[in-house]
Amino acid sequence: MTRPEPSADTAEPELFGTALLHDPHGGYSRLREQGPALRTTTPDGAPVWLVTRYADVRAGLTDPRLSLNKATATSSGQHGASMPSELDAHLLNMDPPDHNRLRRLVAPAFTPRNIGRLRPAVQQRTDALLDRFQDGSADVMSDLAAPLALGVICDVLGVAEEDRRDFRTWTNTLRSPAPDAARASRQALKDMHGFLAGLITYKRSQLGEDLLSQMICARDHDDRLSEAELVAMSFLLLFAGYDNTANLIGNTVLALLTHPDQLNSLRSGTLDVSRVVDEVLRWNSPSMLASRRFAREAIQIGDVRIAAGERIWMSLVSANRDPQAFGDPGTFNVDRPESGHLGFGQGLHFCLGAALARLEVEIAVLTLVRRFPSLRLAATADRLGWCESFRNRGLLGLPVVW
Ligand code: HEM
C-alpha cells in the first residue's frame, strides 16, 4: 500500500472511532479538509482508502478502473471480505460484461411500469399500519418504516407471510453491532441462503406474479439467471431494499418534523413530496458508503497514489455535504438550486430499486403527515439514537405524538 507521508493532516481518519459514528456529518466535514483520499483500517484490520469529496466520489463511481470484483483485490485488499462465497453472484460484486448481462436480466422487473403496479399494495400496507396508530403516540421506525419496508420487499420477492418472522430475525442479527455477533451472523447468512434456495425451488413449480418468479423466467436470448445468481440476487434485493428504505422513511419524517415550514408546504400541496425525498437523500443519505471498489491499476486521486489491488471506500454521505458541490450543505432546503446528489449512487451501479424506494417513502411520508396533522416529535431531535454503523444512517427509534 502506498501511504501518504504521515503528518498531523494525514493521520489515519477515525472512520470506526466513536466520533465519526456519533457525528458522521461533523466528522466527514473534517476529513474532507484533510486530503482527497485518506488511508484507514476497517474494524477487522483491512487497509482501505477513504474518498470523501464530491468530485472524487462522483468520478470514482463511474471510473472503469475501479472494480467491484473481489478477484481484482490484492490479498490485503481482500482481507475482511466476510460474505460467504455462495452469496457472491450479484450485481454489487460484478463489473462489465458480467454486470451488464445480469443487470439486463433483472432490470425489466424494476421498470417504472412494473413498480407502478405496486402502488395500491404499498398504499394498502401503509394504511393498515397507520390504522394501528391509535393512542396518541407511536414509533415511526418500528410501527411504520421497518414493517412497511420489510412487508413490501417480501411481497415483491413472494415470501409467504408465515416466513417473514424469520426474515426479520435474520436481518436484525446481521445488523447487530454487538461485538459477539459474528458467529450469529454467519449462522443467519447460512439460514437465509438455505431459505432462499428452497424458495426458488418452490417458485419454479408455482410461478406467480412476484419478482422472484419474473427473475426465474427472465431470458435474454438463450441466457438466464443461474441458481447461484438467483439466490445471491434475492439476497441483495432483500438487503438493499429493507434497511435503506426503512431508514429513508425515518430520516424523511425527522427532516420534516424539524422543518415545520417545509412540512406545512407539503401538507398544503404546494410542495411535491419527491423534492422532499431528494433533499433527504442528499442531506441525510441512509446509504453512507458505496460498496467497496478495488483499483485495477495504480490510480491518482489528487496528490494521493493508490496502488493496483487496493481497496477503496467512497463516502456518499460526505460527498452529499461537500460545500464545493452544494451551497450551505448542512441546511435542509427543498428549494436548493443544485441537483446531483449521490444518495442512490451513480453510473452503472446506480440503485436498481430507486423507483421502488421512492414509491414506498413517498406514500408512507405523505399518508402519515396528512392523516396526523398535529404530528410532532416526542423527544428533542438531539436525544434520538442512531444506528452505530459506518454504512447505514438510520434512527434506532423515532417516537412521535399527536
Ligand atoms: C432508500 C433506499 C435505497 C437507497 C438509499 C439505496 C442506495 C443504493 C446505492 C447507493 C447503490 C449503489 C451502490 C454502489 O455503487 O456501490 C445501490 C445499488 C443497488 N440497489 Fe439500492 N438503495 C435503496 C433501495 C433499494 C431497493 C428498494 C432495492 C431493491 C428492491 C435496491 C436494490 C439495489 C441493487 C440491486 C443495487 C445494485 C445495482 C447494480 O450494481 O447494478 N435498492 N442502492
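Predicted model: local features only at pLDDT ≥ 70, side-chain atom pairs only at ≥ 80, totals over all residues.
**View 1. The residues around the ligand.** Let's start with the shell as a whole: the ligand is surrounded by 29 residues. Closest to the ligand are His-99, Arg-103, Arg-293, His-349 and Cys-351. By residue type, the shell holds 17 nonpolar, ten polar and two charged residues.

**View 2. Polar side chains at the ligand oxygens.** Here we zoom in on individual atom pairs. In the side chain of His-99, an N or O atom sits 2.6 Å from an oxygen atom of the ligand. The side chain of Arg-293 likewise has an N or O atom 2.6 Å from a ligand oxygen. For His-349, a polar side-chain atom is found 2.6 Å from an oxygen atom of the ligand. Stepping back to the elements, α5 (98-106), α12 (227-257) and α16 (354-371) are those that each give two or more residues to the shell. Which of them gives the largest share of the shell? That is α12, with seven residues.

**View 3. Helices α8 and α9 packing together.** Now for a pair of helices: α8 covers residues 140-157 and α9 covers residues 164-175. The crossing of α8 past α9 is right-handed.

**View 4. The contact of α8 with α9, residue by residue.** On the α8 side you will find Leu-150, Gly-151, Cys-154 and Asp-155, which meet Arg-164, Phe-167 and Arg-168 of α9. Sorted by type, this contact has three nonpolar residues, one polar and three charged.

Technical notes
Residues numbered from 1 in each chain as written. Heavy atoms only, no water. Near = heavy atom within 4 Å. Polar contact = N/O pair within 3.5 Å; in protein donor to acceptor, adjacent residues only side chain to side chain. Helix = DSSP H or I, 4+ residues; strand = E, 2+ residues; numbered from the N terminus. Nonpolar A, V, L, I, M, F, W, Y, C, P; charged D, E, K, R; others polar. Axes fitted to C-alpha atoms, helices over the stretch in contact; angles between N-to-C directions. Left-handed = near helix turned anticlockwise from the far one by under 90°. Contact = heavy atoms within 4.5 Å.
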